[in-house]
Amino acid sequence: MDFSDSISSSLADFSDLEDQDIPSQLPMMAVRDVVVFNYMIIPLFVGRPASVGAVNEALTRDKLLMLVTQKDVATEEPGPDDFYNTGMICMIMRTLKLPDGRLKVLVQAMNKAKIKELVQTEPFYIAEVDVLHDEEVEIITVEIEALMRNVRDQTEKILSLKGIMSSDLMVILNNIEEPGRLADLVVSNLQLKTAESQAVLEILNPVMRLKKVADYLHKELEVSTMQAKIQSEAKEEMGRTQREYYLREQLHALKKELGDIDDKSQEIEELREKLDKLRMPPAAKKEALKQLKRLEMMHPDASEATTVRTYLDWMLDIPWRKGTRDRIDLKVAKEVLDTDHYGLEKVKERILEYLAVRKLNKSTKGPILCFVGPPGVGKTSLGQSIARAMNRKFHRLSLGGMRDEAEIRGHRRTYIGSMPGRIIQGLKTVASNNPVFMMDEIDKIGSDYRGDPSSALLEVLDPEQNFDFSDHYLNLPFDLSKVMFITTANMTDTIPTPLLDRMEIIRLSGYMLEEKLVIANRYLLPRQLKENGISQKHLKIDDKTIIKIISQYTRESGLRNLEREIGKVCRKVARRIAEGSRGPFTISEKTVGQYLGPPKIIPEMEGEIIDQPGLATGLAWTEVGGEVLYIEVSVLKGKGHLTLTGQLGEVMKESAQAALTFCRSRAKKLKLKPSYFDEIDIHVHVPAGAIPKDGPSAGVTMATALYSALSKQKVKQNIAMTGEITLRGRVLPIGGLKEKALAALRANITTVIIPEQNKKDLEEIPKDLRDKMKFVPVKSMDQILPLVFGGN
């Protein structure tokens, strides 16, 4: 019901109704989202059982019904505290039963009343009411008259702004002389909140009520004025746009007749020709043509035209069905892999297996390989070699530190500056739908409030799902099943389990000294000579010198520091040549210090330091390869305390406790009295103290060092060990055996004690390494002690 209809229907002669004798107890019904005022005739749809019961009760009596407003519209069964106490006594004028069981009731407001007491609450409300009367206005003062005129004027303005003004309405408003009646009539047609309307209803002073209504009218007038202004501006803008469009079309027709087609038409035709020539999936072509049609209808200067034009450029540049032809020649592929990389036989074997399967079954899905290993072992360069061997394009994407899911899936086109994700961008860069796509540092991917990129990668790296990959910017499926994805990581611990499950893990442990020597001569030295502008006639360096650089200037699993040191030598030679010196410059073991300075790697413990009780050598695995771990134990007079230093993690602290318990269980064998451990303090230290350490590999080493300190026996030199220990002395298996073996070899350790259950892992260690070292599998500490103390 609009403003004018409400005013017309609200006017009635209530003089007879007001003079009726009103009972003190009346059926009561709560209404929602409406406050009933005096002089109102209002239709109501009654459906709740309690409300239907109240209406039926009123019909059986004198058709009088108490209407109150409930506080919360959502309350289905209002209780005594859910509705306001002040309402209106109404007369039921007409009822109609609807097919769905509800009642349509027409009621007429009679008197304002207040609930004194609820006489009945079930099955419907019956209330004892007090009739409320407005305070009398004895004389219409000048102030009241001005207030009434102000209310009429504001009402007239609001009706004019809404376009429903008529002379009849103003006659009705001007004929109302009572301030209370004018206030009730106007406020009943304002779209106020329920609480605000109820506040007006409860004001018994007519003048105060009219002032309150005047305040609400002022606010409504401001809103209506602003609304009319917005509509006028929108209509004006629409008219201007349509006028420009017609003029532009006329201009286009004139230019066409004159043979002078505008630039926009040429651009549209060029885009249409490109789309016709481009091989695209039907869904993609349909969407592209739809956007092209939209662009054709837009003004070139419209903001959205730029967005659509950019989208079409992406659609044209993406290699939907453009790819390279694989080279399925296993011999050539093997030659390429062998030329680019020395060693890494397991990785090369896996690549050749894939090519063999691809040769026999061209529809096979690409594998998702994950190269895991320390920095500098050639993970990324191996991906480049795979692409060259297969005659595919190569693209690298670094995931380190990525935290926004949109980097993978793209931004939706509703955002300013939106673009596709890095996957689609990479395919556009290489202009191929089947490249070798390398994702570096997948173990360093993050997440925050912008989403979880690792979850988005679940679809990308799943061969069963990525044939239908949907980028948010394109909003179209793209087939990634032809892409060969390769990921790299330093460790698998930080990769989410669902993501790790989708990848085939291939570990690259590191290089032995002999392998580093070959790689330095074959790859690193020639590359540094070329980068520094010199040749082999300027610099001569023999194998012994390179071995000294490897062993005394670098200690790493990979090759980066080795290449830096070789580059440092080449730069110093290049400077001397640039200053006028003549070559060749021969670098020997004795002269290498002049170029690189004193050796950086000094054995952590010399023979005379190692050869004393309480010292043992362990092996640890880190994300940058294997490391040698030295453990020191000192026994002092005290009160039975165990002190652990060296920034040990929780796992290593527990290993130390287990080792101490094992040694205490061997007190009789150590010939120690029962109270001995209560009279001493034991200090366990793991150098270097500034480096945090943790992991389950140091248990046997700690137990050996403790046993050595307690028994005052020296541990044999050139023996290292790895394994976890139980309270009963059992030796548990560990991981990273190959990396630990390489670390031992770099430290010139020839004997390594390993858990019995790791015996199977010796197959992964190259034969050259196994021939140089002695691996001793053990099941318990009782087997280790004779090995490390025998002959002392």
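Select N475 to begin: this residue sits in the loop between strand 10 (469-471) and strand 11 (476-478). Strands (E, at least two residues) and helices (H or I, at least four) are DSSP runs, numbered from the N terminus. The phi angle of N475 is near 60°, a positive value in a residue other than glycine.

Before going further, note that this is a predicted model, in which local features need pLDDT of at least 70, side-chain atom pairs count only at pLDDT 80 or more, and totals for chains, interfaces and linings use all residues. Residues are numbered from 1 along each chain as its sequence is written, and side-chain values use heavy atoms, with hydrogens and water left out.

Next, select E122 and P123. A cis peptide bond joins E122 and P123, with omega at about -5°. P123 belongs to the loop between strand 5 (103-120) and strand 6 (125-132).

**The largest pocket**

Select R507, L508, S509, K738 and E764, the residues that lie nearest the centre of the largest pocket, whose lining has 33 residues. On a 1 Å grid over the protein atoms alone, a pocket is an open set of points with protein on both sides within 12 Å along at least five of seven lines, whereas a cavity is a set of points where a 1.4 Å probe fits but cannot get out; lining residues have an atom within 4 Å of a point. The volume of the largest pocket is about 940 Å³, where grid points are joined across faces, edges and corners and a volume is the space filled by probe spheres set on the points.

Which elements give two or more residues to the lining of the largest pocket? They are helix 13 (345-360), helix 19 (513-531) and helix 26 (737-746). Helix 26 gives the most, with 4 residues. By class, the lining of the largest pocket holds 16 nonpolar, 6 polar and 11 charged residues. Here Ala, Val, Leu, Ile, Met, Phe, Trp, Tyr, Cys and Pro count as nonpolar, Asp, Glu, Lys and Arg as charged, and the others, Gly among them, as polar.

Axes are lines fitted to C-alpha atoms, for helices over the stretch in contact, and angles run from 0 to 180 degrees between N-to-C directions.

To view the contact (heavy atoms within 4.5 Å), show L513, K516, L517, A520 and N521 in helix 19 with D543, I546, I547 and I550 in helix 20. These residues divide into 6 nonpolar, 1 polar and 2 charged.

**Helix 12 with helix 14**

Select residues 330-340 and 379-390, which are helix 12 and helix 14; they pack at an angle of about 150°, with their axes 8 Å apart. Helix 12 is therefore roughly antiparallel to helix 14. The crossing of this pair is right-handed. A333, V336, L337 and D340 in helix 12 meet S385, I386, R388 and A389 in helix 14, a contact of 5 nonpolar, 1 polar and 2 charged residues.

**Helix 25 with helix 28**

Move to helix 25 (residues 699-711) and helix 28 (residues 781-789), which pack at an angle of about 55°, with their axes 11 Å apart. This pair is therefore oblique, and its crossing is right-handed. In helix 25, V700, A703, T704, Y707 and S708 meet M781, I784, L785, V788 and F789 in helix 28. The contact has 8 nonpolar, 2 polar and no charged residues.

How many cavities of 30 Å³ or more does a search of the whole structure find? The search finds 2.

How values were computed. Parallel < 35°, antiparallel > 145°, perpendicular 65-115°, else oblique. Left-handed = near helix turned anticlockwise from the far one by under 90°.
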